[in-house]
Amino acid sequence: MENQIDSPVRKSFGGALRSPCNAPLLALGLAVGPVIALGFMRFAYALLLPAMKSDLDWSYATAGGINTANAAGYILGSASGAWWARKFGSRRTYMWGIAISALTLVASAMSGEFTYLAVVRFVGGVATAVLFVVGAALASRIPTSSPGQSVKMVGIFMSGVGIGIVLSGILVPVVLTWLGSPGWRVGWLVMGASAALALVPAGIASGRIQPTGQRTGRTVSLAFLVPAFMWNLLYGAGYVSYMTFIIALLNAQGLSGWPVTIFFITLGLASAASTLFLWAKIIDRLSSARALALVSLVVLLGVLPVLVGSGLTAALISGVIFGGAFMAGPTAAAVLAKRSLPPEARTSGIAAQTVAFSVGQGIGPVISGALSDGSWGIAGGLWLSVVLILGAGTAALFQRQSHG
């Protein structure tokens with residue numbers, strides 16, 4: 001099937017893309033995966049949620065249940081990503097992950113019935129987790145002329161998250177301004193159509209990356225990654241608590257409408273730019289333990305401005321600092337797997353870390369939400385985010401560089 005997907009367009013790119021000097025083009029082609037997986041499927045939900053809640057007369061519990069279904073699917077997809085890649089091949093798995101994700105984005109517009117949307121979001125969570133895990137492994141295998149360039153390829157892949165945040169931050173408010181609350185359906189349709197178009201660059205790029213060699217039969221233990229698993233769990237819980245409740249906090253501080261949209265786009269631009277041009281160089285020069293710890297420190301500092309201040313200025317400072325660092329964490333975790341594991345074990349290493357990350361993303365908003373309902377208000381939930389990220393940075397310092 002993979003040979004059948006070849007097209008004249010892909011073949012015309014073939015000779016050029018095999019050269020290491022064109023490796024960034026391959027990474028950019030793969031980066032459409034994070035655009036869909038996180039920019040569209042996960043983070044755009046925060047922008048569409050107020051309109052969906054109003055149009056469908058949802059409670060907060062109902063809205064949270066839809067997101068929980070997506071998180072549960074993401075955990076399952078993370079856990080099974082390496083298995084799908086072994087069974088069907090990395091490229092085929094990646095392409096099907098994008099295709100199914102596009103279909104679930106479109107399907108999200110078809111009905112407002114709770115059970116239907118919960119199932120669709122669950123399936124979308126599985127598909128996007130698989131494409132994220134397999135895509136990161138593909139990015140780590142892009143042929144380059146130096147180890148530093150290889151780290152940069154992973155960074156370019158991860159920059160798709162910021163690009164997706166920017167795109168959804170532009171598309172969704174435009175649609176909702178034009179159509180009002182019922183426009184949430186069109187918002188999902190627009191993102192679904194965009195995800196379908198992403199099959200073209202993803203197919204070209206993934207088709208130019210050589211598969212891994214034959215498995216050696218040697219079992220590689222991942223036990224040495226326990227500190228990294230703890231980092232992923234705590235960091236995932238901390239960062240997603242911020243991403244879940246930051247809009248609500250800004251609303252409580254008197255910001256709404258276009259100022260919030262400006263904040264969201266600023267966060268996405270900071271994420272894309274820093275992941276592309278800054279963090280790859282930093283991660284390449286540090287041990288993985290120090291890289292993970294440094295990312296945690298910067299993200300922690302990014303949460304503080306909206307807790308100690310208020311208004312658009314504090315929000316934008318927070319967006320720049322937090323947005324400029326939060327996706328560097330998964331980049332550093334993927335680089336750890338590349339540095340410490342043989343090629344045939346990297347997908348499993350990335351997948352195992354993503355499972356821990358996903359579990360954190362599932363439990364973080366629940367705990368932060370419970371605190372937000374208490375006397376401290378929403379700020380209490382975000383202070384928990386600070387504590388969780390601090391714990392993540394501490395756990396990272398215990399991570400060894402190699403399984404040997």
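## A bent helix and its aromatic neighbours

Helix H3, residues 32-56, has 25 residues, yet its end C-alpha atoms are only 31 Å apart, short of the 36 Å that a straight helix would reach at 1.5 Å a residue. Keep in mind as you look at it that this is a predicted model.

Where does the kink in H3 lie? Find Leu48: a kink of about 50° lies there, shortly before the proline Pro50. Of the 25 residues of H3, 18 are buried, so the helix is largely enclosed by the rest of the structure.

Now turn to the aromatic rings. A pair of such rings is described by the distance of the centres and the angle of the planes. The structure holds 12 aromatic pairs. In one of them, Phe43 and Phe326 have ring centres 6.2 Å apart and planes at 70°; an angle over 60 degrees counts as edge-to-face, so this pair is edge-to-face. Phe43 belongs to helix H3, while Phe326 sits in the loop between helix H15 (311-323) and helix H16 (328-340), so the pair ties together parts that are 283 residues apart in sequence. Both Phe43 and Phe326 are buried.

A second pair to look at is Trp84 with Phe88, which is stacked, at 5.7 Å centre to centre and 20° between the planes. These two residues lie in helix H4 (residues 60-88), 4 residues apart, about one turn of the helix. Are they buried or exposed, or in between? Trp84 is partly exposed, with a relative accessible area of 33%, and Phe88 is also partly exposed, at 33% relative accessibility.

Phe43 and Phe326 also take part in one aromatic cluster, together with Trp231, Tyr235, Tyr239, Tyr242, Phe322 and Phe357.

The table lists two cases where the charged end of an arginine sits over a tyrosine ring.

| Charged residue | Ring | Distance from charged end to ring centre |
|---|---|---|
| Arg42 | Tyr74 | 4.9 Å |
| Arg121 | Tyr45 | 4.8 Å |

Tyr74, the ring under the charged end of Arg42, turns up again in the surroundings of Thr354. You will find Thr354 in helix H17 (residues 343-372). What does Thr354 touch, not counting residues up to four places away in sequence? Its contacts are Tyr74, Ser78 and Val133. Thr354 has 8% relative accessibility, and because buried means under 20%, Thr354 counts as buried.

How values were computed. Residues numbered from 1 in each chain as written. Predicted model: local features only at pLDDT ≥ 70, side-chain atom pairs only at ≥ 80, totals over all residues. Heavy atoms only, no water. Expected span 1.5 Å × (residues − 1). Bend = angle between axes of the 7 residues up to and from the residue. Buried < 20%, exposed > 50% of the residue type's maximum accessible area, 1.4 Å probe, protein only. Contact = heavy atoms within 4.5 Å. Phe/Tyr/Trp six-rings, centres within 6.5 Å; stacked < 30°, edge-to-face > 60°. Lys NZ or Arg CZ within 6 Å of the ring centre and 35° of its normal.
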